[in-house]
Amino acid sequence: MFLGLRKKSFQRFKKFETKIHELNYLFWECTLRCNLSCLHCGSDCSKDNSTEDMPLADFLSALDTIKSKSDNFTVVITGGEPLIRKDIELCGREIRKHGARWSLVSNGYLYDQQKHISLLNAGLGALTLSLDGLEETHNWLRNTNRSFSKVDTAISLAASSSRLNFDVVTCVNRRNIHELSSIYNYLIGKGVKAWRLFTIVPIGRAKNIPELLLTDFQFKELLDFISLKRKQNSIDLKFSCEGYVGPYELKVRDSFFFCRAGINIGSILIDGSISACPNIDRAFSQGNIYKDNFYELWESRFQPFRDRSWTKKGKCESCSDYWFCQGNGLHNWHNNKKNVLICHHERIQKALEC
Amino acid sequence: MKQNWRRKLLGGLSLTSALFIFQACYGTPHDFGLDIFIEGQVKSEKTDKPVKGIKVSVSDKMQFEYTNEEGKFSFYTETADSYKIIFEDIDSNQNGIFVGKDTLLTNINKTVYLDIVLEEK
């Protein structure tokens, strides 16, 4: 009953957040080029991507449409692999000059000591690095033999900085699920403070490789692992906000599930499209910075993100938890949007029935 | 302001943390802005001209930068009570030879500009 009251309070909080839709978090997909060719890439990024990087000036023009930025407003630079851009430090410095803080998502391959220093000099404040297993498993998923040693260096550097708010993310799959305890010990040994775990969504290249996708039972095993290790409090371990996890809510995260895409999270994608998280189906694009005023559009559109009632169909139509989940993470809606691609709650229920 | 109180109240009733400092699925943690911006220019005492190639660093930190053609430097570094900024000529006689200098900064707000004059050896 007490949990029920908390959930109802949180639901009112979500409604209020949706109503005021303060923009706190702006992704900038600055490039689609990548130095790796990971098996699980949802964006189908590659080394020979011919799409041109977005000019910094174009992004800054869009950023400048936000006249009054919220206190915790931040620009999150993503890709592709952002460090492949030669002007990444300039990008960061200019973002700071334009009144915003910035952070970076990277595979860590190019993150050596020199890069670490130049990024800090440019005002980098937060960083996420991807580590998908111990050496053999990570290199398999990242599709190159040197990837682990590179990210190992990057993790050491990032963990040595008290300036950076830094975490490691791991995409859990059938090959690395049995390594989680070892990765946990490795990260603690490295001095890492925060670790987030994901599952892989069957989109992009990942949909053709069944080994990347956890079984329902393995998914429950993952949540049990997180729940257990969180009690030990050795590292800030959490399940990502990728979906609603029913009985595991608050056991695997600090807060209830809340997909903030289009509510507090916006994005400017490589072609200028304006949307929410970059992993959301591009058909949800709300406009384009080359035609629209970014902030006016943020204020006036984004209805499919702020009124999720359209998601009450398919599996969601008869779900008793819909009132709280509201269609799971929006990146789980693709193509014709007739059904949710992944229902985490359903996976847990199936595993419990086994 | 009124909205912020309402947000905190509604969020607080659900007894969960991380309500306002959240993280997108594929994003980074939030930057709490715990840094300051240090910039300035290094000139020669003898010629009053900018000096290129001077290494500027913060004591006990890995970070450093070199002055450019205009003798200018700028970088962000993490917030502290005081900062010892070190200026070193490490490029031999490539841009002249200068005596190093340390500058102690205290009570810095968010930015500081330093005019540094170095003595030639």
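**In β4(A), A:L129 is the bridge partner of A:S106.** Welcome to a predicted model, in which local features need pLDDT of at least 70 and side-chain atom pairs count only at pLDDT 80 or more, while totals for chains, interfaces and linings use all residues. Residues are numbered from 1 along each chain as its sequence is written, chains are lettered from A and ligands numbered from 1 in the order in which they are written. Strands β3(A) and β4(A) run parallel and are joined by five bridges. Strands here are DSSP runs of E with at least two residues, helices are runs of H or I with at least four, and both are numbered from the N terminus. Two strands pair if DSSP finds at least two bridges between them.

Touching, or being in contact, means that the C-beta atoms of two residues, placed from the backbone, lie within 7 Å.

**Helices α8(A) and α12 (residues 344–353) of chain A cross at roughly 100 degrees.** Their axes come within 8 Å. Axes are lines fitted to C-alpha atoms, for helices over the stretch in contact, and angles run from 0 to 180 degrees between N-to-C directions. α8(A) and α12(A) are therefore roughly perpendicular to each other; that word covers 65 to 115 degrees, while angles under 35 count as roughly parallel, over 145 as roughly antiparallel and the rest as oblique. On the α8(A) side, look for A:D216, A:F217, A:F219 and A:K220; on the α12(A) side, for A:R347, A:I348, A:K350 and A:A351. This contact has four nonpolar, no polar and four charged residues. Ala, Val, Leu, Ile, Met, Phe, Trp, Tyr, Cys and Pro count as nonpolar, Asp, Glu, Lys and Arg as charged, and the others, Gly among them, as polar.

**Chain A meets chain B through 43 residues of chain A and 34 residues of chain B.** Several elements of chain A each supply at least two residues of the side that touches chain B, including α1 (2–20), β1 (25–29), α4 (113–121) and β5 (165–172). The largest share of that side, seven residues, comes from α1(A). By class, the residues of chain A on this side are 20 nonpolar, 15 polar and eight charged.

**In chain B, four strands form an open sheet with antiparallel pairing.** The strand order is β3-β2-β5-β6 (chain B). Here β3 (64–66) and β6 (101–106) of chain B are at the edges, each with a single partner strand, so one side of each is left without a neighbour in the sheet. From one strand to the next, the twist averages 20 degrees. Six bridges pair β5 (residues 82–89) of chain B with β6(B) in the antiparallel sense. Opposite B:F87 you will find B:K101 in β6(B).

**B:G71 lies in the loop between β3 and β4 (72–78) of chain B.** B:G71 is buried, as 21 other C-beta atoms lie within 10 Å. A residue is buried if 20 or more other C-beta atoms lie within 10 Å of its own, exposed if 12 or fewer, and partly exposed in between, with C-beta atoms placed from the backbone. Not counting residues up to four places away in sequence, B:G71 touches B:Q41, B:V42, B:K43, B:P50, B:V51 and B:K52.

**B:V99 sits in the loop between β5 and β6 of chain B.** B:V99 counts as exposed, with 12 C-beta neighbours inside 10 Å. Apart from neighbours within four places in sequence, B:V99 is in contact with B:L118, B:E119 and B:K121.

**A:Q303 belongs to helix α10 (residues 303–306) of chain A.** With 10 C-beta neighbours inside 10 Å, A:Q303 counts as exposed. A:I263 is 40 residues from A:Q303 in sequence, and their C-alpha atoms are 9.6 Å apart in space.
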